[in-house]
Amino acid sequence: QGSLEVSLSQPTRSSSGSERSLLVAEEMRSLIVEKGPGPVEDDPDVLVKGWLQREVRGGVRTPWIRPRKYWFVLTPDSLDYYSSNEKGARRLGSLVLTSLCSVLWPNKQTYKETGYWSVTVFGRKHCYRLYTEHLNEAVRWVCAVQKVIDSKVPVQTPTQLLMRDVEEHCGSPEVLEQIYRCNPILRYTSSPLYAPLLPFPYGSLDQSGEGSYTTLRDEAVKLFNSLQQLESERDPVPLMQGVLQTCLDLPPLVDEIYCQLVKQTTEPPVAGGPGDLHYWQLLTCMSCTFLPSPPVLRFLHFHLDRRTESRFPTSEMAKYACFIREALGKTKGRECVPSLEEILVLMRRQEMICTVHCPGAPACSVAISSHTTAEEVAQELVSRLGLSQSPNIFALYEQSRRREQLVGSTTLLADVLTSLAGEGQDPPCRLCFKHYGFLDTENVPRDSLEFSLLFEQ
């Protein structure tokens with residue numbers, strides 16, 4: 001148990017520029033073999049070398065200035081550049097290559113604007129934007145850098161390592177308590193996070209057209225700030241919906257938010273207090289919308305079972321934990337984030353009421369959950385309206401003045417209600433229960449409800 005004494009705390013920001021520079025230097029020394037004063041022509045570690053141009057941008061009047069050439073050398077550990085290719089030349093910079101680095105392929109738009117093909121390499125602290133006049137040379141550098149990145153062992157964060165430790169020692173209560181006691185990163189914190197709990201690639205999301213989002217790492221940190229705002233919000237519903245929307249737009253952040261919520265519901269200052277329950281309510285909404293990856297799912301189940309229900313069996317948190325565990329067994333993914341009305345219902349662990357109109361008959365109110373499909377509602381109405389013996393087939397439709405559209409049998413009714421509420425038509429769209437397959441219309445009794453449905457249809 002001696003290894004468990006090593007404490008892994010959450011990442012913190014250095015207080016001064018000199019300290020940050022020291023950290024970068026230490027990181028480079030730990031990951032890269034010390035190099036000599038300049039490039040060596042016969043160095044066996046050199047994978048690719050050649051002249052490339054660094055990005056140089058001017059002001060408003062001169063947005064593009066012809067960049068200066070530097071001698072670049074790619075090794076199995078880093079991308080370095082020198083003042084020249086002569087022996088003894090001064091090394092001007094080095095970008096450490098890990099599994100989290102990324103490289104962007106050259107694009108035609110940059111070539112049209114500048115006359116150069118671009119190669120962009122994202123690292124932890126630096127981003128190199130390099131240019132060459134020849135496409136084949138740019139492709140050669142991109143492929144070589146990507147091959148080095150792919151060869152690296154995947155980076156694991158302290159949270160990932162501790163999740164594995166928790167899973168391995170789940171049968172030893174004493175060891176588990178020691179893990180949680182020695183590692184503050186697993187427990188609630190009132191201070192901000194300066195780095196995500198899980199590893200994310202370096203680089204901007206702008207290249208993939210995600211609009212206002214920056215990088216996954218930055219968005220993960222922003223989301224933690226949003227979570228902390230939940231504690232003091234009088235009306236947390238809009239903030240919850242915003243978090244859910246970000247997860248829908250950026251699926252890699254789903255696991256991160258689950259880990260952040262598990263962290264913030266572990267040993268909070270006031271267990272079961274208003275702030276703590278807001279975290280549990282968002283965790284409830286997450287469980288009805290997104291399914292985490294298997295490692296995070298196992299860690300979440302451990303948190304629900306061993307850290308919550310077993311410790312606080314009659315508490316409100318235990319009720320939420322039970323609801324979440326059942327929801328995770330049904331969730332398969334949503335097309336839309338829950339509406340404000342659905343979030344309010346989930347915060348109370350209740351069902352929603354869905355109104356379905358029937359031609360020639362009164363509207364029916366059906367209780368549904370976030371997992372109820374259109375086929376399940378149609379079957380319930382068939383049974384409720386006494387149509388079980390009919391040879392014909394029934395289904396649900398979205399109906400408005402301008403259109404009528406079949407609702408797929410596996411479609412979640414919660415998604416349909418969210419989309420109907422968002423269309424804002426006057427009068428609004430509605431759900432309608434109608435015939436879908438006409439297998440026998442000749443033998444329908446004239447005094448039956450089904451005959452009225454057929455007549456109206």
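Reply: Buried here means under 20% relative accessible area. The model is a predicted one.

Me: Which residues of H11 are buried?
Reply: Helix H11 covers residues 316-328. With the cut-off for buried set at under 20% relative accessible area, the buried residues of H11 are Met317, Ala318, Tyr320, Ala321, Ile324, Ala327 and Leu328.

Me: What covers the buried residues of H11?
Reply: Contact means heavy atoms within 4.5 Å. The cover over the buried residues of H11 includes H8 (253-264), H9, H10 (294-309) and H12 (340-347).

Me: How many Å does H11 reach from its first C-alpha to its last?
Reply: H11 has 13 residues. At 1.5 Å a residue, 18 Å is expected, and the helix comes close to that, with a reach of 18 Å.

Me: Is His278 buried or exposed?
Reply: His278 sits in helix H9, which runs over residues 274-287. Its relative accessibility is 11%. The cut-off is under 20%, so His278 counts as buried.

Me: Which residues does His278 touch, not counting residues up to four places away in sequence?
Reply: Contact requires heavy atoms within 4.5 Å. With residues up to four places away in sequence not counted, His278 touches Leu230, Glu231, Glu233, Pro236 and Met240.

Methods
Residues are numbered from 1 along each chain as its sequence is written. This is a predicted model: local features need pLDDT of at least 70, side-chain atom pairs count only at pLDDT 80 or more; totals for chains, interfaces and linings use all residues. Side-chain values use heavy atoms; hydrogens and water are left out. Helices (H or I, at least four residues) and strands (E, at least two) are DSSP runs, numbered from the N terminus. Buried means under 20% relative accessible area, exposed over 50%, partly exposed in between (1.4 Å probe, protein chains only). The expected span of a helix is 1.5 Å times one less than its number of residues.
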